[in-house]
Structures are given as C-alpha cells and as structure tokens.
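Here is a short note for a colleague who is new to this structure. Please read it with the model open.

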Amino acid sequence: MTKVQLCKGDITKLDVDAIVNAANESLLGGGGVDGAIHRAAGPELLEECRTLGGCPTGEARITKGHRLPAKHVIHAVGPVWRGGTANEDALLASAYRHSLNLAREHGLRSIAFPAISTGAYGFPKDRAARIAVTTVRDFVREYPDALDLVIFCCFDESCIKAHEEALSEIWPDRDQQTAA
Ligand code: ADP
C-alpha cells in the first residue's frame with residue numbers, strides 16, 4: 001500500500017529515496033526549486049547533470065542526491081504554460097508519470113514532488129494539482145506495491161489548498177499519512 005502525504009516546506013530537507021526537481025530542458029540549473037536543490041546538493045549535482053545531455057519536456061532523468069538527505073534527484077521537465085492549448089496538461093501528466101516510472105525502475109520506495117510548472121512556468125495551481133493527483137493516483141492503482149510513500153511538497157499555502165482540494169475530490173480513498 002502506498003501512503004500519501006501532503007506537506008508544506010522545503011523539499012530539499014526531505015529524507016526520501018528521491019525528491020523530484022522541477023527542472024528545465026537543459027538540466028543545468030535554474031531558479032525556484034531547481035536553484036534550491038542545486039544549492040543544497042552541491043556542485044557535484046551540476047557535474048552529474050552535465051553528463052545527461054538535457055531532457056525533453058514531459059520526461060525525467062535521475063541522478064544521485066549528493067549532499068542532500070534524499071538519495072536521488074529525479075529531474076522532471078514540466079511544460080511552460082502557454083494558455084492551455086499547447087498540450088500543457090498532457091505534458092505535465094507525462095512529467096509526473098516519467099518520474100514515478102523512474103522511481104519504480106530503480107527500486108525506490110519513497111518520492112516527493114514539488115508542484116511542477118506552477119512557479120516560473122506559470123501553470124495554474126488548481127489545474128496542476130488535479131493533474132498531479134490524478135497521475136499519482138493512476139500510477140498507485142496500477143502499481144500498488146511499487147512505492148511506500150508519495151509526498152506532495154508545497155512551498156506555500158495556495159499550493160497546499162490546491163492539493164487538499166484535488167486530493168479530496170479525486171482520491172478520497174487514498175491511504176493518508178500525516179506529517180511526522
Ligand atoms: P517551474 O519552472 O516548473 O514553474 P519553480 O521552481 O519556479 O518551477 O516552481 C515550482 C514550484 O516549486 C512552485 O510552486 C514553487 O513555489 C515551489 N518551490 C520553490 N522552491 C521550493 C522548495 N525549496 N521546496 C519545495 N517547493 C519549492
């Protein structure tokens with residue numbers, strides 16, 4: 001059974017098998033959560049990312065966590081919001097799905113997501129939260145034994161609210177874990 005937790009705070013502090021980074025296609029760092037992860041992981045993370053040759057939007061790549069408490073970083077590239085007619089919904093779902101599949105393929109048991117694309121990339125928060133929750137729910141139903149814990153890590157109150165609403169609407173029967 002996979003437990004689901006919603007938490008507020010800095011994803012770089014979480015001691016899980018993988019934290020997901022809201023990266024850009026270069027995988028060479030940026031602002032927001034990407035900048036925070038690279039700062040906390042140290043320069044070895046950028047060195048490893050340089051060997052990957054980038055990542056298309058809607059996909060993800062895995063590295064070690066280096067100086068982070070998390071063992072790995074899964075660098076997912078969400079879409080830039082262009083008004084909703086440029087396949088943004090499917091690309092965001094794909095970024096979540098790729099991340100979950102990478103975790104499963106590497107035998108990882110716990111994963112934490114930030115709200116991908118909802119910062120600099122401008123994706124509407126409620127819509128992004130519904131896509132995040134739906135994609136994780138569908139994965140957990142398909143692979144109920146793959147993961148022990150999925151965390152939605154929100155940095156601000158509007159993100160928490162969007163995920164609370166999405167979780168109770170879309171996945172009321174999830175196995176909840178309250179924050180430690
Ligand atoms: P994107 O370019 O994909 O929009 P951002 O990093 O700008 O990525 O924002 C994605 C989300 O991550 C936003 O909701 C932002 O508030 C949040 N965020 C920023 N820093 C952190 C952090 N240290 N931990 C968790 N979430 C964060």
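A crossing is left-handed if the near helix is turned anticlockwise from the far one by less than a right angle, and right-handed if clockwise. Helices (H or I, at least four residues) and strands (E, at least two) are DSSP runs, numbered from the N terminus.

This is a predicted model, in which local features need pLDDT of at least 70, side-chain atom pairs count only at pLDDT 80 or more, and totals for chains, interfaces and linings use all residues. Residues are numbered from 1 along each chain as its sequence is written, and side-chain values use heavy atoms, with hydrogens and water left out.

1. Start with H4 and H5. H4 passes H5 in a right-handed crossing. The axes of H4 and helix H5 (residues 157-170) come within 8 Å and cross at roughly 45 degrees. Axes are lines fitted to C-alpha atoms, for helices over the stretch in contact, and angles run from 0 to 180 degrees between N-to-C directions. The angle makes H4 oblique to H5. Angles under 35 degrees count as roughly parallel, over 145 as roughly antiparallel, 65 to 115 as roughly perpendicular and the rest as oblique.

2. Look at who touches whom there. On the H4 side, the contact (heavy atoms within 4.5 Å) includes Lys 125, Ala 129 and Val 133. On the H5 side, Ala 162, His 163 and Ala 166 are among the residues involved. By class, the contact of H4 with H5 has 7 nonpolar, 3 polar and 5 charged residues. Here Ala, Val, Leu, Ile, Met, Phe, Trp, Tyr, Cys and Pro count as nonpolar, Asp, Glu, Lys and Arg as charged, and the others, Gly among them, as polar.

3. H4 also meets H3. Helix H3 (residues 88-105) packs with helix H4 (residues 125-142) at about 40 degrees, their axes 9 Å apart. This crossing, too, is right-handed. The contact of H3 with H4 holds 9 nonpolar, 2 polar and 6 charged residues.

4. Check Thr 135. Thr 135 sits in helix H4. Is Thr 135 buried or exposed? Thr 135 is buried, because its relative accessible area is 10%; buried means under 20%, exposed over 50%, partly exposed in between (1.4 Å probe, protein chains only). Not counting residues up to four places away in sequence, Thr 135 touches Ala 93, Tyr 96, Arg 97 and Leu 100.

5. Now the sheet. It is open, with 7 strands in the order S3-S4-S2-S5-S6-S1-S7 and mixed pairing. Two strands pair if DSSP finds at least two bridges between them. Strand S3 (60-64) and strand S7 (175-176) are the edges, each pairing on one side only.

6. Follow S2. Strand S2 (residues 18-23) pairs in the parallel sense with strand S5 (residues 110-113) over 2 bridges. Ile 19 has Ala 112 of S5 as its bridge partner. S2 and S4 also pair in the parallel sense, over 6 bridges. Ala 23 is bridged to Val 77 in S4. S2 is mostly covered, with 5 of its 6 residues buried.

7. Finish at Gly 119. This residue lies in the loop between S5 and H4. Gly 119 counts as exposed because its relative accessibility is 54%. Gly 119 and Ala 22 are 97 residues apart in sequence, yet 9.2 Å apart in space, C-alpha to C-alpha.
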